[in-house]
Amino acid sequence: MAKTAIAYKEKMKEISVLSLICSCLYPETRKNIMGDFEDMDIKPINKRASGQAFEVILKPSSPVSDVAHCITSPPKRDISLEDIQKKLEAAEDRRRSQEAQILQTLAEKREHERDVLLKAMEENSNFSRMAEEKLQMKMEQIEENRLAYLAALMDRLQEKAISSTELRRSKVCPSGTR
């Protein structure tokens with residue numbers, strides 16, 4: 001159908017140029033059938049003020065062109081039971097290999113998931129261990145600071161106690177005699 005439409009467009013271009021040339025060279029009237037092409041006939045309908053009108057008649061395709069375009073199907077061969085069995089076995093092998101490939105892919109995914117979980121657990125335990133060590137160091141530092149504070153406080157209290165005892169002694173005996 002597409003080839004016919006393309007051929008029609010090409011012929012119409014040829015006809016318009018041909019009719020222009022012919023009308024200039026031969027102004028006398030032409031016969032009823034204007035042109036005879038191998039796959040179409042063209043007849044003028046009537047002249048109009050706006051231009052010319054034509055009737056294009058497409059000829060049916062010839063049997064020679066059908067033979068050229070016809071594609072023959074390959075001859076069918078007889079299929080034996082052995083051929084069918086071989087095809088079924090091949091299909092079964094393909095199915096098994098596809099199934100094995102799917103199982104292998106799933107096993108790889110599970111292995112990857114397991115590796116990811118182990119890594120996450122290891123990182124979690126490392127984080128917990130580091131956090132515990134950090135907390136332990138912080139607690140030790142706090143304990144050391146507390147002991148240092150208490151020691152400093154005790155030193156100040158002892159100094160106050162010593163100074164207060166000296167002050168009492170000096171008040172009781174200002175001259176140093178009793």
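## Starting on helix α3

Let's open with Arg-129, which is partly exposed, with a relative accessible area of 43%. (Buried means under 20% relative accessible area, exposed over 50%, and partly exposed in between, using a 1.4 Å probe and protein chains only.) Arg-129 pairs with Glu-133 in a salt bridge, the closest N and O atoms being 3.8 Å apart. The term salt bridge here means a side-chain nitrogen of Lys or Arg within 4 Å of a carboxyl oxygen of Asp or Glu. Glu-133 is partly exposed too, at 40% relative accessible area. Both residues sit in helix α3, four residues apart, about one turn of the helix.

Further salt bridges that share partners tie Glu-92, Asp-93, Arg-95, Arg-96 and Glu-99 into one network. Glu-92 is partly exposed, with a relative accessible area of 27%.

Then there's Glu-111 with Arg-114, whose side chains meet in a salt bridge at 2.3 Å, N to O. They are three residues apart in α3, again about one turn of the helix. Glu-111 comes out at 34% relative accessibility and Arg-114 at 47%, so both count as partly exposed. In total, the structure holds seven salt bridges.

## What kind of model this is

This is a predicted model: local features need pLDDT of at least 70, side-chain atom pairs count only at pLDDT 80 or more, and totals for chains, interfaces and linings use all residues. Residues are numbered from 1 along each chain as its sequence is written, and side-chain values use heavy atoms, with hydrogens and water left out.

The average pLDDT (the predictor's confidence in each residue, from 0 to 100) is 81 for the protein, and 73% of the residues score at least 70. Confidence is highest in α3, at a mean of 95, and lowest in α2, at 53. Where pLDDT is low, the predicted coordinates should not be read in detail.

## Overall layout

The protein has three helices and three strands, running α-β-β-β-α-α along the sequence. Those are DSSP runs numbered from the N terminus: H or I of at least four residues for helices, E of at least two for strands.

Of the 178 residues, 6% are buried. Contacts (heavy atoms within 4.5 Å) tell a bit more: among those with a separation of 6 or more, 21% are between residues 24 or more positions apart. The protein exposes about 16700 Å², with carbon and sulfur atoms supplying 59% of it; the areas come from the Shrake-Rupley method with a 1.4 Å probe, and for residues only the protein chains shown count as cover.

## The annotated stretch and a nonpolar patch

An unreviewed UniProt entry lists residues 81-115 as "coiled-coil region"; such annotations may be inferred rather than shown by experiment. In the model that span is 100% helix and 0% strand, and its end C-alpha atoms lie 50 Å apart.

Ile-79, Leu-81, Ile-84 and Leu-88 make a nonpolar surface patch of about 410 Å². Patches take residues with over 30% relative accessible area and no salt bridge, joining like charges within 9 Å and nonpolar side chains (Val, Leu, Ile, Met, Phe, Trp, Tyr) within 5 Å. Ile-79 belongs to the loop between α2 (63-69) and α3 (81-172), and is exposed, with a relative accessible area of 54%.
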